[in-house]
Amino acid sequence: MTAANAVQTFIDTVDAAAASYMEACVHCGQCARACHFYETNNDPRLTPIYKIEPLIKTYKRHKAPFASLRRALGLVPAEITEDELNEWSELVYDTCTMCGRCTLVCPMGIDVAALVRKTREGFVAAGIVPEGLTGAAQRALDIGSPLGIKPETLRKIVDEQSQEVGIPIELDKVGADYLVVLSAMELLNFYEVIGALARIFKQAGVSWTISTEAYEATNIGIQMGDKEVARTLVGRIVDAAEKLKVKYVISPECGHAYTALKWEGPNLVGRPYDFKVVHILEFLDQLQREGKIRTKGKDTRRVTYHDPCQIVRRGGVVKQPRAILDTVSDGFVEMSHAGVANICCGGGGGVSSNPRAEDYRLRAFASKKKQIDDLGDIEALVTSCANCRNVIEEAIDEYGMELPVIGLVELLADYLEPESDAGEKAKLAEA
Ligand code: SF4
Ligand code: SF4
C-alpha cells in the first residue's frame, strides 16, 4: 500500500515538462561532476539523474508513450517496491539540496532539481520522509515555525532589537507599505537582522511591519515535497499580508523562501496576490539606487560572497548583492564559480533539517571549502541566506577553519551614515 501511494503520486505528478525531461536524458553523466555530493563522495549512486530512478521507472512503466503495449510485452521496469523506496530515501532527501547546479551543465537542460521535488512528493505519499523534516513540518503547522519559535518569542525578540537600536518596531501595523517575513534560522540564530532592518528602513523612510500571525517565510512543505504543507504555509503569509493591507511582502535572506513565496506561491494558493513580493536584496538595491540609503566608510577586510543557490539560480538576484557589497566593502573578491554557477553550502533543500544527512552535508562542504581556500587569505565570508550562514558556520567549525560568516543586511547596516552626520548635513544645507 505504501509503495502504491508513491506510484500513484509519481504518475499524477509527471506533467509534460517532467515527461520531456525524462525522455531527453542521454545518460551522458555530465551532471555528476556538477553535484557537490557526487564530487565529495565519488559514489555513482549520487549521479543526479540516478537519484530520481523511482520516478523514471514508474514513468516508463505507466506513462511513457506506448507504456501499456510495452508493459504487455514485458519491456518496462518492474513496479517500484517499498524496499526500493526506503533504499532511495537517502538519495532523494540526504544527498540533494535541489540546488539546480546539475541543470546548468546538462546538455539537454534537464531540471533535475524539479524532478527531485516531484520524486519527494511520491515519498511523502508513501510516508517515507526523514523524521527531521516531518517534525519540522508539524511544528510549522502547529506553531508557525519549523524551529518552534512562538509568537511570544517573536514579540520578545522584536522588543529586544527595538531597544537595542533605539527604534520603535510596530508589529501588525495595518496599512504599512511593506510586510517583512523572516527565515526561521534568522529568528533562532541571527535575530540582529531585525535591528539592522529597522536602522536601514528608518534612514530610508520605509513604512514596514512584521505580522505575529505569519512571521516566517521558511517553507518546509516545499523542501520535503508536501504540497499541502507548502500551500498552508504560503497561505498564512498571503492572509496576513492582505489583512494588514500591505503593498509588498519582503522575502528575507533565505534561499528557498523566495522560490516558495514569489514563484510557487500564487500557484499553490490558486490565485494572484493582492501585493508584490520583493527579495530583501532587490529592495535594498532599489533603495540604494534611489539614494535613500547613505553609508559612511567601508569594511577593509578581504571578504568574499557566497551566492545562495535559490536566490541566484532560481531567483536571478545576482547583481544586487554585489552592488551592495561595492558600497560597503573595499576588499571584496569573487570566489571561483561565483554567481549562477556557485556551489551550494550543502544544507539547502531540507538537508540541514535532516540529522540523518549530517555526514553527507559536512562532506559536501569540502567543495565550498575549496572555493574559499583557492582565494588564499580571506578574512570573512558574506552571504544572504540565514540557512547557508548557519550551515557554513557549522562546517567551518567542523573543518577547524577560522572565518567569520556575515549576513549582507547586517554588513550594510554597520556602515550606515550615523544620524548625527545626516543632521549636520541638513543644518549645513539650510545655512
Ligand atoms: S540539484 Fe544540486 S544537489 Fe541535487 S543533484 Fe543536482 S547538483 Fe546535486
Ligand atoms: S547531464 Fe543531463 S543528459 Fe546527461 S545524464 Fe545528466 S541528466 Fe541525463
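The structure is a predicted model, in which local features need pLDDT of at least 70 and side-chain atom pairs count only at pLDDT 80 or more, while totals for chains, interfaces and linings use all residues. Residues are numbered from 1 along each chain as its sequence is written, and chains are lettered from A and ligands numbered from 1 in the order in which they are written.

Along its principal axes, the C-alpha trace of the protein chain spans about 90 × 50 × 35 Å. The chain has 23 helices and seven strands, these being DSSP runs numbered from the N terminus (helices H or I, at least four residues; strands E, at least two). Among contacts between residues at least 6 apart in sequence, 82% join residues at least 24 apart, a contact requiring that C-beta atoms, placed from the backbone, lie within 7 Å.

Four strands form an open parallel sheet in the order β2-β1-β3-β4, with strands taken to pair if DSSP finds at least two bridges between them. Its edge strands, β2 (208-209) and β4 (276-279), each pair on one side only. Strand β1 (residues 178-180) is joined to β2 in the parallel sense over two bridges, and tyrosine 178 stands opposite tryptophan 208 of β2. Helix α15 (residues 227-244) lies across β1, β2 and β3 (248-251), running at about 145° to β1; axes are lines fitted to C-alpha atoms, for helices over the stretch in contact, and angles run from 0 to 180 degrees between N-to-C directions.

Three further strands form an open sheet in the order β5-β6-β7, again with parallel pairing. The edges are β5 (303-306) and β7 (405-407), each of which pairs on one side only, and the twist averages 35° from one strand to the next. Between β5 and β6 (residues 380-383) there are four bridges in the parallel sense, and threonine 304 has leucine 381 in β6 as its bridge partner.

Of the 431 residues, 51% count as buried, that is, with 20 or more other C-beta atoms, placed from the backbone, within 10 Å of their own.

Key
Contact = placed C-beta atoms within 7 Å. Buried ≥ 20, exposed ≤ 12 C-beta atoms within 10 Å, placed from the backbone.
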